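Good morning, and thank you for coming.

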Amino acid sequence: MGNLSTPISKATLLLENGNVYEGTSCGFPGTTIGEIVFNTSMIGYQEILTDPSYHEQIITMTYPHIGNYGTNEDDNESHKIWAKGFIVKNMCHTPSSWKNQKSLPQFLKEHKIVAIADVDTRSITKQIRNKGAMRALITTEKFDKEKSLKKILESPTMNLRDLAKEVTTEKSYHVTPHTPSYLVVAYDFGIKKSILKYLSERGCRILVIPASTSYKEVLDLNPDGVFLSNGPGDPASVTYAIENIRHLVGKKPIFGICLGHQLLCLALGAKTYKMKFGHRGANHPVSFLKSQKVEITAQNHGFAVEGSLEPRHCERSEAIPSPKVMRSPQSLPLLRDDKKFYGNNNFFSHINLNDGSVEGLYIKDKKILSVQYHPESSPGPLDSLYLFDEFINMMKGRQ
Amino acid sequence: MPKRTDIKKILIIGSGPIVIGQACEFDYSGAQACKVLKQEGFQIVLVNSNPATIMTDPEMADRTYIEPLTLDFLKKIIEKEKPQALLPTLGGQTALNLSRDLAREGFLDKHNVELIGAKLHAIEKAEDRELFKKAMEKIGLEVPKSSVVKDKEKAKKVLEELGFPLVMRPSYTLGGMGGNIAYNQEEFEKYLEWGFFQSPVHEILLEESVQGWKEFELEVMRDNADNVIIVCSIENLDPMGVHTGDSITVAPIQTLTDKEYQVLREASKKIIREIGVDTGGSNIQFAVNPETGKMVVIEMNPRVSRSSALASKATGFPIAKIAAKLAVGYQLSEIANDITQKTPACFEPTLDYVVTKIPRFNFEKFPMTPRVLTTQMKSVGEVMAIGRTFKESLGKAIRSLEMGVHGFDNLKESRNFAHLSESEIKRELSTVTHKRLWIIAEAFRKGFATQTIHTLTKIDPWFLNHIKEMIELEGVIQCHSREGGNLDPHLLKKAKEWGFSDKWLSTLTTLSEIEIQLLREKENIEPVYKTIDTCAAEFESFTPYLYSTYDEEDESRISNKKKVVIIGSGPNRIGQGIEFDYCCVHAALSLKEEGFETIMINCNPETVSTDYDTSDKLYFEPLTFEDVLPILKKEKPEGVIVQLGGQTPLKLAYEIEKAGFKILGTSVKTIIASENREFFSKLINKLGLKQPPHALAHNEKEALLAAHKLGFPLVIRPSFVLGGRAMEIIYDNRNLEKYIKNAVQASEDEPLLIDRYIEDATEVDVDVLSDGKDVYVAGVLEHLEEAGVHSGDSTCSLPPFSLSPQTIEELKNQAQALALELNIIGLMNVQFALTKKDIFVLEVNPRASRTIPFIAKARKIPLVKIASKLMVGKKLSDVIPAHSAKHNSGDLKTKTFSVKRSVFPFIKYPHEDAVLGPEMKSTGEVMATEYTFPLALAKAAEAVNSPLPKKGNVFLSVKDSDKAKAFEIAAELQKCGFHIIATRGTAQFLKEKKMNHIESINKVLEGRPHVVDALKSGRIHLVINTTIGEQALRDSFDIRRTALEKQIPYFTTLSGGLGALHAIGAAQKEEFSIFCLQDLY
């Protein structure tokens, strides 16, 4: 509870495994169901809430004080809150910042988002860590565990769900910088505003197109490059996009982020899998194998890429070190370098140093670049902005 | 890149004695570095003058030198040890400055010693304000407008441009030494002179004031592959204008948006790269305008710091340890995160709790000092507290301070502001003091709006609102109580979640602290323990580093092993510092060896004891009964160790035992009894010993009566005090009355203890170990200064330098008798005063004394490890190493003399008289070892940076009772070739004694030119000045103060002066040696 004078209304959180947490409501009254995830970013809640990749998900913030600096127009990553629900330890009702325009509880209410505060978010996080991805329900109404559990179990899981179609733009639109140098066509699977910002800052005139736009339309526009955006859901179920991408590979420089990366890899023959609980935070170390440099990255994904690409995509001119050399064998367990994971020929360009998972693909000759994480961060560190520059370089070569 | 193989031997320089601005955090960082580099197979050469450190334990390094941290000694050591590398970034500003000087002189190049971690150019760029400013401009970052000046003329021009308020920072100083904010012309001129003097390079940075801006710190690390990570972000609750060491700080940052934070993060990356810190940690400070978000860079420390120690404890990421590994070639991605074990150290810790640090001040010991916080650090220690919310961590931090406040309660008079009017509160709010938190609380009680308080304090409303809500809850609870209602369990639960202590709650209700505790038990409102894991529970953690919180899930895994709980010593303060932390750490190490699971409880983030590596389990908690009890209930230890952490754990002993837990070692009964005067007298009588005539007084009348009976002079003090707090020597009735008026407040209900002051007595400390049957005399320490100077402040020698073998034997016998009679198990300290014919027992302390680490180092015996084993039931005969045991028979001779000398913070407190007395004032100590006592004394002077002159002019002025001995001193001085300048009285006396060539000089009151003029003009090289009585003290104040500021060695006791003379004599004839601890052992 933030303030003694604020009226308290109860809220309840129920996890798929039957665990119940009693707290107070700090958002819109009602009941919500979604996949429960946790994010370890200490700040940046507004960007997280408005990131379309969180569509159909209930977000637990591991940092206990949320809402401290309120909300403001500039920090929106899209026009609305996409998250299905919000869980915090302590919600701030009296924010303090020169940027503040609206308190977070008010923001949540306006967007009709059910949210719960005053629960043991660390305990919830550990549940998710130990049990893996789960569905959950938050309600501010009278709580009936049996009925609620039934509702949860009846709700869809994340697997096989194409959510991109639910969040993509209906109509295409342009983002034009002062001095455009490149035309980029951006597939919107749930694109974040910051991506558009970093691209346009680098001289890209961007045409944002609906997820289902056919490759032919794209090629007809003769863009300098194609961008594949982030987004929610199971990548394997966005079959139309995978198909379209397949036709674009080799024809245009392609840059993908998050879901875009997964779709690109699927188009190239790799596989995706549902992770136990995913990566969501602003502190994940990723090694760019080519330079052996480590970037601290912003992450938000529940699926990841593994396996081999089709052989025809695997010809490459430069060798990339094997992921297993990335960590000192004396002090750290070796990363997985089994064939299932990285494929027969390791050519994934970026590896997550925490768990060895695939974080990126860079085939320079084919002008293919994609990363699982978020170089545009928002929220998170800006260590990976060079990827936008690499994309520009790929397009430069073309001109 | 794996570790470097071209380096075999690395020199690490420590930070020397504890001073304001450099405390145990550098023992923590240095000890971590030694440990990890040794594990990596490097040979470590360590130099530090401070014996009370873990890093100087013989097993920490391969070659340990407890020698003065001066260029001369370092050169000697480098020449002898021939290290290939010098790691300059772990010993604070002291090590950094020394390394810089060695490099600048070309000495390191000449001896093929490579600076690793930070190169010379990086140190210079970060430390030199002008170079730093240029570097920031180069990378497009703003710094406050400023200019470096070397003279007054230039300074005045700069002032015209920048205007008031003007920040004035001398270059190359420690803890913001000499830094000030000038608001007017007068202050400007005063601080200008002060600043020039403080700066070793005689330059000051004049800077546009960003006072009131929000202040942030980032702890940055970089490896040789240019990977940069931010380990921790810190927000200062006190905005710009207060030294960060004196500020309340909170981790992580609370009030910045992600976009604003990323600006700081990006800037930090650029800064560490531009400054060129190759590897390791740096601390970077920023100011952000709260109205516009504009950011400026304030400064960077290219080394580990107090903040990095705090950051390490706050996050579980051991910065110094990682920095040491990076310095020898590892990259961040090659080092494992200790806590998760499976993930690398190349990441940025994320917190799921809030950390609050509050500095601890000792203003009560420096009554003349204005209690205002500025850019010059004044605090002597700090506490850190962890909670799931800011309120919880703030509440825990406040009660960790051990200042007699348990939250925002009004229990302590000095924190009770209920009587202040609104306008008085407004005035108080606009000055920054260490009491401001409580004034803010009172302001909220009086209905002030957050905005009003923000306007006056510039503290971010986010923090203020939390305090406001706590005060609102306080009001609700009080209201309930007034209406006759019991404490509603819901309210109680909320209060606990919001960091209210039971004691604070008891002041708001009709319930006692115990009743609240029982109510909590009944309602099942108990703390749970959560893990500090660097990753907000994303990964499993393997290191049991825990904090309490009122939340749902408990994570403490309780083992089936035999356990011992060690209670630490809390925040550093004068009288209770690093020595006690050293003892606690040794207990943990020793009992681990004995097969116990060791559990540490402490709240001081600077220390080695709060390193999660030290004990098997660490609870980072306030040291109050409320906070300790639930841990004991959970862990069910075999016993609790309270005799090693100074007074803090001793104060808890009674309640702990009453709650059904066993106190290991000396019983609680003895602990209490030894503080009881009546019991003590009986004991002394029973053993046929002597103590000074004494009395107890509960009020003024009794005191005056006692004075009449005992006769002046008297030593007077309140019961249960530490470091001679409020202890004074009183010469007449008038001062006695004055004292009582002040002291009775300070001592609550306890009576005053009044002793006849034994004049001209030699003071001796004897420390013993006992198992209850046998007693082992660990050390007999003879003080140089006479009894009456607090033992923590006096210079002392092991072995004694003037006592006869018979006297030593008698002292040992008396100490043994006392230990046996008191049934001591573990350590005991006795203080004796020796006159020509009598031995008086002044004090018996049934616990580890401040000198234990010194004795352990000087005599090469792990005393605390032995004591700990005794406490768990071992016999002396089992645990005393054979080579030491043979000394027990009475032969305390060592091949060398070790001298302990104290360092004082007077330079930081410009209004204080730098005179020694029964109240302890020193912050730290050095040890100096030589083959003779006088030479050891001379070396000790080098070690405290006050080297004795070998020739020149001496100012001599002594009180009447010292005149007889002054002759001896004067003669000795002339023999050493010194010219004597004396005040008229002293000169007259010496001339009467047929001494020639005595120059007389005016006292300050006798007109100019006077002695202070001579000091200022550099004519005097040594001062021996003893005084008595208030007037004389006032008259000579300027002499001591000037000597202090001009760094002229001065002595305020005749014994000290005489010692100095002998030391000079020895230093004139002999060269200093250097001793490697491992060779001596």
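This is a predicted model: local features need pLDDT of at least 70, side-chain atom pairs count only at pLDDT 80 or more; totals for chains, interfaces and linings use all residues.

Residues are numbered from 1 along each chain as its sequence is written, while chains are lettered from A and ligands numbered from 1 in the order in which they are written.

Let us start with chain A. It has 11 helices and 19 strands; helices (H or I, at least four residues) and strands (E, at least two) are DSSP runs, numbered from the N terminus. Of the 399 residues in chain A, 59% are buried. A residue is called buried if 20 or more other C-beta atoms lie within 10 Å of its own, exposed if 12 or fewer, and partly exposed in between, with C-beta atoms placed from the backbone. Among the contacts in chain A with a separation of 6 or more, 76% join residues 24 or more positions apart. Two residues are in contact if their C-beta atoms, placed from the backbone, lie within 7 Å.

How is chain A divided? There is a domain 1 (10-154) and a domain 2 (164-396), with bounds that come from an automatic or database domain assignment. The C-alpha centres of these two domains of chain A lie 28 Å apart. Where they touch, 23 residues of domain 1 of chain A meet 23 residues of domain 2 of chain A. On the domain 1 side, β3 (31-39), α1 (45-49) and α3 (121-131) of chain A each supply at least two residues. The largest share, 3 residues, comes from β3(A). By class, that side has 9 nonpolar, 9 polar and 5 charged residues. Here Ala, Val, Leu, Ile, Met, Phe, Trp, Tyr, Cys and Pro count as nonpolar, Asp, Glu, Lys and Arg as charged, and the others, Gly among them, as polar.

We now turn to the contact between the chains. It takes 47 residues from chain A and 55 residues from chain B. On the chain B side, the elements giving two or more residues are α9 (258-275) and α16 (461-482). Which of the elements gives the most to this side? It is α16(B), with 7 residues. The side of chain B that touches chain A comprises 24 nonpolar, 12 polar and 19 charged residues.

Just after α16(B), B:G484 takes a positive phi of about 85°.

Next comes a sheet in chain B. Seven strands form an open, antiparallel sheet in the order β14-β13-β10-β11-β12-β15-β16; two strands pair if DSSP finds at least two bridges between them. β14 (295-301) and β16 (381-387) of chain B stand at the edges with a single partner strand each, so one side of each is left without a neighbour in the sheet. From one strand to the next, the twist averages 25°. Within the sheet, β10 (residues 214-222) and β13 (residues 280-288) of chain B pair in the antiparallel sense over 9 bridges, and B:M221 stands opposite B:G281 in β13(B). β13(B) and β14(B) run antiparallel and are joined by 6 bridges. These two strands form a hairpin with 6 residues between them, and B:G293 in the turn has a positive phi of about 80°.

I close with backbone angles. Most residues other than glycine have a negative phi, and most peptide bonds are trans. B:K458, not a glycine, has a positive phi of about 65°. B:K458 counts as partly exposed because it has 18 C-beta neighbours inside 10 Å. Phi of B:T534 is also positive, near 70°. Is B:T534 buried or exposed? B:T534 is buried, with 26 other C-beta atoms within 10 Å. Finally, a cis peptide bond joins B:F712 and B:P713, with omega about -10°, and another joins B:R1008 and B:P1009, with omega about -5°.

Note on methods: Axes are lines fitted to C-alpha atoms, for helices over the stretch in contact, and angles run from 0 to 180 degrees between N-to-C directions.
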